[in-house]
Amino acid sequence: LHPRDAYVLVKAENGETYIMAEALMEKVMKIGGFENYEVLATYPGAFFENMLAKHPFLDKTSRLVWAEYVTMDSGTGCVHTAPGFGADDYQTCMRYGMELVVPVDDYGRHTDYAGKYAGLKTEESNPIILADMKESGALFASEEMSHEYPHCWRCKSPIIFRATPQWFCSVESFKDDAVEACKPVKWLPAWGEERMIQMIRERADWCISRQRHWGLPIPVFYCDECKKPICNDETIARVSELFAEHGSNVWYEKTAEELLPAGFTCPHCGGKHFSCESDTLDGWFDSGSSHFAVFEGKEDLA
């Protein structure tokens, strides 16, 4: 809810009392099919902070929180918040110390967390969930809406925003040097210099992982037992030897056990079974750093 906007307790002619934004009350009650209703009380959104609401059809509760980005141009003024599916939602839930839940896997299917909907793709579950809400008697009203939705620029499929583990590189230690390196460059057009400098100054970390089927692999292993990532001098040395001998595609051609030193065990739990990181390295990070290795030992390229 928005912390300062007004929310009303509205009693309808069916005897039920509803909570909604005052600014949207007339529109919401009309969609719900109610002409006669009574406002019992009015409170700012912050009044409801940390109250619990019963889920309409699952055996769980939801916590009421506030956020400045809640708008009064549509809906009820009561906005569902999912920390695993949006940057604003994530920041809000982290502010309240709430658990990060992502009940959709890498294939766009619901995980076991979703209960009876586990295994269904999100577009498959939508009509089923709507039907279950109607059957539960907890659905006030529904309507169809058209709105713009992001699509992949390659395959044109709709995109689901979801929180996933990523690899980051801190740029704090060389941020100032990068800004200084921009100054002697001749920029065409000239405004490109300020654009680049602003981008560098505002960045604290660089996300160096990409979910693609091609590219240079990120040489990280995961223990199948404790699930912790493994990347140390021993594993890097071994992977480096294999890359030098077979090329970077060896990462996709061999198993994790074949890529690791013989007899390697997990330094965290002693486990003996591993899997490889499937994300690839950001191409810009790769090209901006790997050229130094090409220069080594080749004075004519320096």
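1. A word on terms before we start: helices (H or I, at least four residues) and strands (E, at least two) are DSSP runs, numbered from the N terminus. With that in hand, Lys-156 sits in the loop between helix H3 (122–136) and strand S6 (168–170). Its phi is near 70 degrees, a positive value in a residue other than glycine. At 57% relative accessibility Lys-156 counts as exposed; here buried means under 20% relative accessible area, exposed over 50%, and partly exposed in between (1.4 Å probe, protein chains only).

2. Some ground rules. This is a predicted model, where local features need pLDDT of at least 70 and side-chain atom pairs count only at pLDDT 80 or more, while totals for chains, interfaces and linings use all residues. Residues are numbered from 1 along each chain as its sequence is written, and side-chain values use heavy atoms, with hydrogens and water left out.

3. Now the overall picture. The protein has 10 helices and 12 strands. Its radius of gyration (taken over C-alpha atoms) is 26 Å, whereas a compact globule of 302 residues would have one near 19 Å; the globule rule is 2.2 Å times the number of residues to the power 0.38. The C-alpha trace spans about 85 × 55 × 35 Å along the principal axes. Of the 302 residues, 25% count as buried.

4. On contacts (heavy atoms within 4.5 Å): among those in the protein with a separation of 6 or more, 56% come from residues 24 or more positions apart.

5. Next, the aromatic rings. Rings of Phe, Tyr and Trp (its six-membered ring) pair if their centres lie within 6.5 Å; planes under 30 degrees apart count as stacked, over 60 as edge-to-face and the rest as tilted. A search of the whole structure finds 11 aromatic pairs. In one of them, Tyr-18 and Phe-34 have ring centres 6.3 Å apart and planes at 40 degrees, so the pair is tilted. This pair links distant parts of the chain, 16 residues apart: Tyr-18 is in strand S2 (residues 17–21), and Phe-34 is in the loop between helix H1 (25–31) and strand S3 (37–44). Both Tyr-18 and Phe-34 are buried.

6. Which kind of pair do Tyr-43 and Phe-47 make? Their ring centres are 3.9 Å apart with the planes at 5 degrees, so the pair is stacked. Tyr-43 counts as partly exposed at 27% relative accessibility, and Phe-47 as partly exposed at 42%. Ring pairs also link Tyr-7, Tyr-43, Phe-47 and Phe-48 into a cluster.

7. Take a look at Thr-235 in helix H6 (residues 233–246). Thr-235 is buried, with a relative accessible area of 0%. Leaving aside neighbours within four places in sequence, Thr-235 is in contact with Phe-221, Ile-230, Leu-260 and Phe-264.

8. Gly-283 belongs to helix H9 (residues 283–289) and counts as partly exposed at 42% relative accessibility. Gly-283 and Arg-210 are 73 residues apart in sequence, yet 8.8 Å apart in space, C-alpha to C-alpha.

9. Last, some backbone spots to check by eye. Most residues other than glycine have a negative phi, and most peptide bonds are trans. The peptide bond from Leu-188 to Pro-189 is cis, with omega near -5 degrees; Pro-189 lies in the loop between helix H4 (175–182) and helix H5 (191–201). Lys-227 has a positive phi, near 70 degrees, in the loop between strand S9 (221–223) and strand S10 (229–230), and counts as exposed at 59% relative accessibility.
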